[in-house]
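Here are my notes on the model, as numbered points. Please read them beside the structure.

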Amino acid sequence: MTTIEIGLNREVVLPLLDILHPVMERLEHEAALALPVVDDDDEELADIWRNGLLHTQTDDCSTLMSLFDDRFRESGIVRIEVEQADRVLRALSAVRLKVRETLLTHVPDSALEGTDFDFAGLTDPDRTGFAVYMLFATLQEVIIQHLDQ
Amino acid sequence: MPLMSGTAVPEIETSRETELESIWKVVVLNDPVNLMSYVVLVFKKVFGFNDTRARKHMLEVHEQGRSVVWSGPRERAETYAYTLQEWHLTAILEKDDHH
């Protein structure tokens, strides 16, 4: 079984995980993205989609948070089995979307997509939210690079 | 009265069949959050695209705001849109009026 191991600075990461609790709670009840209209007349189909997507999202997020367990708190190393990688990637995406919606409301889309972002100009709460957002982007990049090899 | 409702049923069925036989497009819309590398990976996984084709569609999404990633029967289009939504990409269905 192949394992991806990523070393992180615990002193930086653990406080960031604490601010994620309300975001993770929201993801248990809300889809990370607004659901697309499948069929205006078919509420039953929309419900099936909504429930199915939420179920997958909850499972994915549970897998992601299990990476930051006691072993991580001792070693600072995140271990991802390759079989878990899809679930972790999807969960990282869900969390980043929800962080953007809840913690980065003052940051324009252009700043998130551009490279000339003024990090120093952020307020403290926005800065913390942005740090989580970037940490999880980095984790996604590392996992994708590993899968591409 | 019974005869009229009897004649109405085939019309509805015909309409439904036409709907199902129509060609539907799966369109992915841009978002400012998901990474380019992530979108490429999702296209490869969901559609089996090679790297070149996945990047082409990702760049269309990024630069033009949308890309038609698949077209075909409605049922399969719905399945693809659902799977893309599981990966947190914004996917919508559009009827292809040229077919």
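1. Gln84(A) sits in the loop that joins strand 2 (77-81) to helix 5 of chain A. Helices (H or I, at least four residues) and strands (E, at least two) are DSSP runs, numbered from the N terminus. Gln84(A) counts as buried, at 16% relative accessibility. Buried means under 20% relative accessible area, exposed over 50%, partly exposed in between (1.4 Å probe, protein chains only). Leaving out residues up to four places away in sequence, Gln84(A) touches Thr63(A), Leu67(A) and Arg79(A). Contact here means heavy atoms within 4.5 Å.

2. A word on conventions. This is a predicted model, in which local features need pLDDT of at least 70 and side-chain atom pairs count only at pLDDT 80 or more, while totals for chains, interfaces and linings use all residues. Residues are numbered from 1 along each chain as its sequence is written, chains are lettered from A and ligands numbered from 1 in the order in which they are written, and side-chain values use heavy atoms, with hydrogens and water left out.

3. Which residues of helix 1 (residues 10-19) of chain A are buried? They include Val13(A), Leu16(A) and Leu17(A). These residues lie on the same side of helix 1 of chain A, because they cover an arc of only 105° around the axis. The arc is that of the directions from the helix axis to the C-beta atoms. The buried residues of helix 1 pack against helix 2 (21-27), helix 3 (43-66), helix 4 (70-75) and helix 7 (124-148) of chain A.

4. The start of helix 1 of chain A also deserves a look. There, a side-chain oxygen of Asn9(A) comes to within 2.9 Å of the backbone nitrogen of Glu11(A).

5. Now the salt bridges. The criterion is a side-chain nitrogen of Lys or Arg within 4 Å of a carboxyl oxygen of Asp or Glu. In helix 3 of chain A, Arg50(A) and Asp47(A) lie three residues apart, about one turn of the helix. Their side chains meet in a salt bridge at 2.6 Å, N to O. Arg50(A) is partly exposed at 37% relative accessibility, and Asp47(A) is partly exposed at 35%. An α-helix has 3.6 residues a turn, so residues three or four places apart point the same way.

6. Helix 5 of chain A holds another such pair. Lys98(A) and Glu101(A) are separated by about one helical turn, being three residues apart. The closest N and O atoms of their salt bridge are 3.4 Å apart. Is Lys98(A) buried or exposed? Lys98(A) is buried, with a relative accessible area of 1%. Glu101(A), at 38%, is partly exposed. Arg26(A), Glu30(A), Lys98(A) and Glu101(A) are linked in a network of salt bridges.

7. On to the interface. In chain A, 31 residues are in contact with 24 residues of chain B. The two chains bury about 2400 Å² between them, 61% of it on carbon and sulfur atoms. Buried area is the accessible area (1.4 Å probe) that two parts lose on being put together, summed over both. Leu33(A), Trp49(A) and Arg90(A) lose the most area on the chain A side, together 22% of what that side buries.

8. How many salt bridges are there between chain A and chain B? The count is two. Asp148(A) and Lys44(B) meet in a salt bridge through their side chains (4.0 Å, N to O). Helix 3, helix 5 (85-102), helix 6 (109-113) and helix 7 of chain A each supply at least two residues of the side that touches chain B. Helix 5 gives the most, with eight residues.

9. Lys44(B) also forms a salt bridge with Asp51(B), the closest N and O atoms being 2.8 Å apart. Lys44(B) is partly exposed, with a relative accessible area of 25%. Asp51(B) is partly exposed too, at 32%.

10. Last, chain B as a whole. It has four helices and three strands, in the pattern α-β-α-α-β-α-β along the sequence. Of the 99 residues in chain B, 43% are buried. Among contacts in chain B with a separation of 6 or more, 70% come from residues 24 or more positions apart.

Conventions
Polar contact = N/O pair within 3.5 Å; in protein donor to acceptor, adjacent residues only side chain to side chain.
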